[in-house]
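User: Can you take me through the aromatic rings in this one? I have the model open.
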Amino acid sequence: MASLHVPGLGSSAMTLYSPNLEVVDLSIFRRGNTVFSETFHSGLNIIRGENSSGKSTIMDFIFFGLGGDLLDHQWRESALLCDTVTMGVKLNGKDVTLQRDVEQKSSQPMRIFFGPSDEALKSGASGWERYSFRRGKSESFSQVMFRLLGLPEVQYGEANTKITINQVLRLLYSDQLSSVEKIFRSQPFDDAITRQTVGHLLLGAFSEEYYAAKLNLKAYEAEMKDVSARIKTLIRIHGREGHPLTEDWLNEEYRTLQKELDDLNGQIEKTEEQVFSAQFEDRLSLNDQEATYARVKSLQADIGKIKEELDFLELEASDSVEFIASLTKKLDALHESKMVVDELNSLQFEFCPACFAPIHGSEVEGACSLCKQASDQSHVKERALRLINEYARQRQSSIDLQADRQRRISDLKTQLTKVTELWEQAGRHYTVSLRSPTTELRTRLRSLNREVGYAQRKLEELAARKSAVAELKEAQRQRDALQRKIDDARSIIETTERRDRDQISKARRYIELEVLEFLRNDLERQSTFKNADTVDFDFDGDRISVNGESFFSASSMAYLRNSFIASFAVAAANQASFSHPRFLLMDTVEDKGMEPDRSKNFQRLLYNKSSSSKSPNQMIIATSMIAPELDVPEITVGDFYTHQNRTLRLSNA
């Protein structure tokens, strides 16, 4: 049987491992009246009371308040009489308040206040931001919570589904309605790939760098597909059989045609000399001059419009680069300032750093130990959180706009090349038309001018091809740049996957060792537990086995599941490499006929492991048979609830 270790007040301070989730307080309202309001603390929290006194209802409210999804048939009758649940939490030590409305349908949205709950409840409707359950045109609350917890937005499966906070909580909440044979809290349409992705995420795989590379690789490959298709189309449409579509070939064709055009113009000049020497008085037709001049003016106007739009977009792109860089610096500065505020706030000076005279304490609570001025760091943290969230959204939006802007710039440059070449050709044609009079009386001149027109059209076709060559060259440059980015992203992914495999293996071993301790320190009710050598667990298969066995008595299965959920949290509280939020909810410490002594023994083990961990952690459990030495205000939450004194005081509302 486990003995109880109660750490002294002078125990060394813990190091906060992130991600780290802690419930600070929970308030439940009905018709504007408070029907439940209690505070929680770091470490083990025990909600105790008689069976059917409403403990499980509170556990479900905690799950729901944190972002868990309750289906219409999973709501308890008394819970549906309530209107709103408000929860103060710490996400990596930052105070945030979460609020959701109680309705008998799934996927409820959430309101978030970036500050502690006492400020949130005083603020009325101001200061709250509403987020949906699922990601759509706007952010979901899972995205905000993941950002504040420092968790990557993991995508998985062919549909590129993103992990939500609800999926994470399924591995942190051991509830009474789920099968004791399963690791995860039950939900409809469950699938193995979701469970495995969540499990590996919490084990410490899927770093921000890894998922950034995964997302970038997908975008690069999609862009590479488009660029390659564009290259093939350009070659097919503008290339000639036996001739590659290159600048060298194009220039050679251009020189050949220009020589042909020069020869024709020379013949026209000689013919005109003959006309003038024969003293013909036929007047030059101005039709060709007027038409050519009109085309020159039209093309020149097109060039002006394109350049104007191009200059505007390039100026915007330049400004956007500086704006994105500015937002990035602001985000970095905000994160750094948050750390500096936290560090400076904890400093207590005993002697003046200038003259070394003793410093006496201030009578003002929360005042600076040096200057004695009142200081409210919570407002500083709240503003920092709001700005971090807002700047992150602005930065991503600016990056997306910049990508669209760069694509438009590339298209305009290609268009400018084409129109400029057409304008130059039209200008040359106009110059020739000014000095090459054409008489309608001479068949020779008409024939020569038709040949000039034909050669001119071929030059215009080459101008179009010149535009295509420029576009092809740009596309090939983009293809080569994308290939380098793809190679870099793949390198990051391969390196990270090797690291992840090593991390997953180590993390699984840490959990196994913790589970073995729980099993070997169990009361002598299951011989396999006392003689346990190996513990294996499959997230995708949703099962646990001990020494290769997976089936035990109902109470032993409940003990095994509890041991696994607890061991995951304990291992994470002792190893910084985990991405588990060092938090658990457990409503099954006496499930499936668990005898009192066995349950109390487990509670003692849980308390000792939680209190001796390296990092702050939080474990919230519910029981009707609390171990006597744990029945103290420092560990328990609220009253000992009975049928007369239930958790939800609905009669007051």
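**Aromatic rings**

Analyst: Start with F578, which counts as buried at 1% relative accessibility. Keep in mind that this is a predicted model.

User: Which ring does F578 pair with, and at what angle between the planes?

Analyst: F578 pairs with F568 in an edge-to-face arrangement, with 70° between the planes and 6.1 Å centre to centre.

User: Where do those two sit in the chain?

Analyst: F568 is in helix α12 (residues 554-574), while F578 is in the loop between α12 and β13 (583-586), so their pair ties together parts ten residues apart in sequence.

User: And F568, buried or exposed?

Analyst: F568 is buried, because its relative accessibility is 1% and buried means under 20%.

User: Which residues are in the cluster with them?

Analyst: Ring pairs join F568 and F578 with F184, Y510, F537, F539 and F564. One of these, F537, also has the charged end of R508 over its ring, 4.1 Å from the centre.

User: What about R100, which ring is its charged end over?

Analyst: That of F64, with 4.2 Å to the ring centre.

User: Back to pairs. How many aromatic pairs are there?

Analyst: The structure has 18. One of them is F518 with F602, a tilted pair at 5.4 Å centre to centre and 35° between the planes.

User: Why does that pair tie together separate parts of the sequence?

Analyst: Because F518 belongs to helix α10 (residues 443-520) and F602 to helix α13 (residues 596-611), parts that are 84 residues apart in sequence.

User: Are F518 and F602 buried or exposed?

Analyst: F518 is buried, with a relative accessible area of 0%. F602 counts as buried at 2% relative accessibility.

Notes:
Residues numbered from 1 in each chain as written. Predicted model: local features only at pLDDT ≥ 70, side-chain atom pairs only at ≥ 80, totals over all residues. Heavy atoms only, no water. Phe/Tyr/Trp six-rings, centres within 6.5 Å; stacked < 30°, edge-to-face > 60°. Helix = DSSP H or I, 4+ residues; strand = E, 2+ residues; numbered from the N terminus. Buried < 20%, exposed > 50% of the residue type's maximum accessible area, 1.4 Å probe, protein only. Lys NZ or Arg CZ within 6 Å of the ring centre and 35° of its normal.
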